[in-house]
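These are my notebook entries from a first look around a structure that is new to me. Come along and keep the picture open while you read.

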Amino acid sequence: MMKGAHFPATAAAFALLALATFHLVSASDPSSLQDFCVALKNTDVFVNGKFCKDPKLVTEDDFFFSGLQVPRNTSNAVGSKVTPANVEQIAGLNTLGISLARIDYAPNGGLNPPHTHPRASEFLMVMEGTLYVGFVTSNSDNGNKLFTKVLYPGDVFVFPVGLIHFQLNIGKVNAVAIAGLSSQNPGVITIANAVFGSKPPIKLDVLTKAFQVDNNVVRYLQNQFWYDNN
């Protein structure tokens, strides 16, 4: 387990300010029609979002979450762990169009694998360590362009909504980052997990032609354990 991470007050304030600004310009969720709509979790009815809790029953705890200062265990196949703070953890985020996450990275190659958020753009601020980050553009006449940057504590990088992106710890010590997302429920699709770990599996004919490899390579990849770091 990692040593405790330090979160300077100025960095935390910057993260909150950036998140608020980010929300104003790029929130993807519908706006609330009242002061708040705290999510009602104990229901079997599925809707696009969450039902509202009776405002008379709302408490301070509906807007509270504790634990982002706590380091997570990165002893797994990819060497990273994401700790979300979205509407599932903070009921008061319902209809507000924002959420947060903490990402911990193991030294020497801890990876948040290539993935997308189908419902949110993201900004990432490094709190500790050194990260190599990047995203790939959608298909175009010029192909798929890769944008990358090496980030240090206090640096911020933005990942546009829906685009494949990643972060890799290139340092010799643990790394920590805070992500702000423009949705109460941004969703995540980890590319390798989705393509080679789907249930039921995608047919061999599809993957062999798409990746231009033979059946044995696809079978090998489908038989791997695809770890979910979320």
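**Entry 1: a lysine and its partner**

Is Lys50 buried, partly exposed or exposed? I looked it up: with a relative accessibility of 27%, Lys50 counts as partly exposed. I note for myself that this is a predicted model.

Next I checked what the side chain of Lys50 meets, and found a salt bridge with Glu88, at 2.8 Å from N to O. Lys50 sits in the loop between β1 and β2, while Glu88 sits in the loop between β3 (80-85) and β4, so this pair ties together parts that are 38 residues apart in sequence. Glu88 is partly exposed as well, at 41% relative accessibility.

**Entry 2: the other salt bridges**

How many salt bridges does the structure hold? I found 3.

One of them pairs Asp62 with Lys53, and their closest N and O atoms are 3.1 Å apart.

Another joins Arg102 and Asp104, with 2.7 Å between the closest N and O atoms. Here I read 0% relative accessibility for Arg102, which counts as buried. Asp104 is buried too, with a relative accessible area of 0%.

**Entry 3: the disulfide**

Which cysteines are joined? Cys37 and Cys52 form a disulfide, with 1.8 Å from S to S. I counted 1 disulfide in the structure. The link between Cys37 and Cys52 is left-handed, with -100° about the S-S bond. Cys37 belongs to the loop between α1 (9-26) and β1 (39-40), and Cys52 belongs to strand β2, so the bond ties together parts that are 15 residues apart in sequence.

Cys37 is buried at 2% relative accessibility, but Cys52 is partly exposed, with a relative accessible area of 37%.

Leu40, Val45, Val47 and Phe51 make a nonpolar surface patch of about 300 Å². I followed up one member, Phe51, and placed it in strand β2 (residues 51-52). Phe51 has a relative accessible area of 34%, which makes it partly exposed.

**Entry 4: the nonpolar cores**

Which residues touch the most other members of the largest nonpolar core? They are Tyr105, Leu124, Leu131 and Val133, in a core of 18 residues. I traced the strands behind this core: β4 (99-105), β6 (122-128), β7 (131-136), β9 (156-159) and β11 (175-181) each supply at least two of its residues. The most come from β11, which gives 4 residues. Apart from this core I found another, of 15 residues, including Ala91, Leu93, Met125 and Val176.

**Entry 5: two prolines**

Where is Pro160? I found Pro160 in the loop between β9 and β10 (164-169). Pro160 is partly exposed, at 31% relative accessibility. Leaving aside neighbours within four places in sequence, Pro160 is in contact with Ser121 and Phe135. I also looked up Thr116: Pro160 and Thr116 are 44 residues apart in sequence, and their C-alpha atoms are 9.4 Å apart in space.

The peptide bond that joins Lys199 and Pro200 is cis, with omega about -5°.

**Entry 6: positive phi angles**

To finish, I looked at two backbone angles. Asn108 is not a glycine, although its phi is positive, about 55°. Asn108 lies in the loop between β4 and β5 (111-116), and it is exposed at 60% relative accessibility.

What is the phi of Gln212? I read a positive value of about 55° here, although Gln212 is not a glycine either. Gln212 lies in the loop between α3 and α4 (215-222). At 64% relative accessibility, Gln212 counts as exposed.

Key. Residues numbered from 1 in each chain as written. Predicted model: local features only at pLDDT ≥ 70, side-chain atom pairs only at ≥ 80, totals over all residues. Heavy atoms only, no water. Patch = residues over 30% accessible without salt bridge, like charges linked within 9 Å, V, L, I, M, F, W, Y side chains within 5 Å. Areas by Shrake-Rupley, 256 points an atom, 1.4 Å probe, with all protein chains shown as cover. Salt bridge = Lys/Arg side-chain N within 4 Å of Asp/Glu carboxyl O. Buried < 20%, exposed > 50% of the residue type's maximum accessible area, 1.4 Å probe, protein only. Core = buried A, V, L, I, M, F, W, Y, C linked by side-chain atoms within 4.5 Å. Disulfide = S-S within 2.5 Å. Contact = heavy atoms within 4.5 Å.
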